[in-house]
Amino acid sequence: MTKRSDDILAQMMALHPKIIDLTLDRVWRLLGALGNPQENLPPVIHIAGTNGKGSTQAMLRAGLEGWGKSVHAYTSPHLARFHERIRLAGTLISEPDLVATLDDCYAANAGENITYFEITTVAGLLAFSRVAADYTLLEVGLGGRLDATNVVTPEVSVITPVSIDHEQFLGNTLAKIAAEKAGIIKRGVPVVVGPQPDEALEVIEAEAARLGAPVIAYGQHWHVWEERGRLVFQDDRGLLDLPLPALLGAHQIQNAGAALAVLRHMGADDVACEAAVVGAVWPARMQRLKTGPLVERTGSAELWLDGGHNAAAGDAIAALLKTLPKRPTHLICGMLNTKDTAGYMRPLAEVAESLIGVSIPDEVNTLSAKETCAAAQSVGLDAHVADSVEDALAQITDPEARVLICGSLYLAGHILRENG
């Protein structure tokens, strides 16, 4: 019988009892057993931060490819299929290549304890080492200092906006969380820093100074803003006047700025910079769904999807919704039980008529639909329970409605699979 990547991934899930257990010891051990593939990667751009990592990476990839470069990219979690995590020279890894790479990692690990994220990250690094490309984009999974991706010396490090999230692993203050993110800074390696709260920026700048890493910071070395429906970027090389990002939302202006700062530091031309903002694609970030069975069920109502899940994401979504043509907005929300649910929902209460709570299918750490509704009611939202997203859609009968399915990347992945 032909081996399937899903079967090997299921075996990998059983290698360690904890989903998250931050240390690099197991990663270094497995990399050593595989001949240290992390030492044979194309030049790396390493991206950490609480919000905007994926969008910034998507813009960087679009920009580099617009510059004529071939690009590996690693991201997590996946939405619909695991293959999304590993992009080889611009193309998602094929099933045969994924099977072969996972097989090699599983065999080299020899049954030792290792988390799913760790062994699959090593698989990504191994895959990248076997295919030629000009650049490698590595997105941090959680934190930075002890993240499984933090085994490389990059050409540039990037830290996108830092905010409170994953407190149980990273600490309960901005300074502690920023210290974990700043753990990706390497001696002498330039670090592009997106907009930060002062408390976070102080920590990042101090770590960069300790390591002699040049800082290229928003508000000091580069600026970005929207003006008359255009994106304007300025640094010591001059001014760029570009279209607004293809990715929607005011927060994407800042993410675009970070990507442009990296590209300009690397010497990219204006064509590459424009490609970064207009060519980026990043599913489940305020994505308008226009086809598929779920769209057909909504009739003339709009259907949107977003995977943001913390307070900063709630602020960004609310800000974007305020800019869209006015329609009654209804949320279908499912969240993990590790998130600040009320913090996420509080800004959304200002822009939504109602919220329907659902449990995330096949997710052990889902918040129950009832608990989701209780959190929504605590911030003033009119909230009801549904057994499924399909049931929730059936409850929304206004043909002029705007429906946003939101709260978790895991829910977003389920929707993308269901909607084909």
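Colleague: Is Ala-89 buried, exposed or partly exposed?
Modeller: In this predicted model, Ala-89 counts as partly exposed, at 32% relative accessibility.

Colleague: And where does Ala-89 lie?
Modeller: Ala-89 lies in the loop between S3 and strand S4 (91–92). Its phi is near 50 degrees, which is a positive value in a residue other than glycine.

Colleague: What about Arg-228, what is its phi?
Modeller: The phi of Arg-228 is positive, about 55 degrees, although Arg-228 is not a glycine. This residue is placed in the loop between strand S9 (222–227) and strand S10 (230–235).

Colleague: Is Arg-228 buried or exposed?
Modeller: Arg-228 has a relative accessible area of 82%, so it is exposed, the cut-off being over 50%.

Colleague: Changing topic: is the peptide bond from Ser-76 to Pro-77 cis or trans?
Modeller: That bond is cis, and its omega is near -10 degrees. Pro-77 belongs to the loop between strand S2 (71–74) and strand S3 (86–88).

Colleague: Now the cysteines. How many disulfides are there?
Modeller: The count comes to 0 disulfides.

Colleague: Is Cys-406 buried or exposed?
Modeller: Cys-406 counts as buried, at 1% relative accessibility. Cys-105 is also buried, with a relative accessible area of 0%.

Note on methods
Residues numbered from 1 in each chain as written. Predicted model: local features only at pLDDT ≥ 70, side-chain atom pairs only at ≥ 80, totals over all residues. Heavy atoms only, no water. Helix = DSSP H or I, 4+ residues; strand = E, 2+ residues; numbered from the N terminus. Buried < 20%, exposed > 50% of the residue type's maximum accessible area, 1.4 Å probe, protein only. Disulfide = S-S within 2.5 Å.
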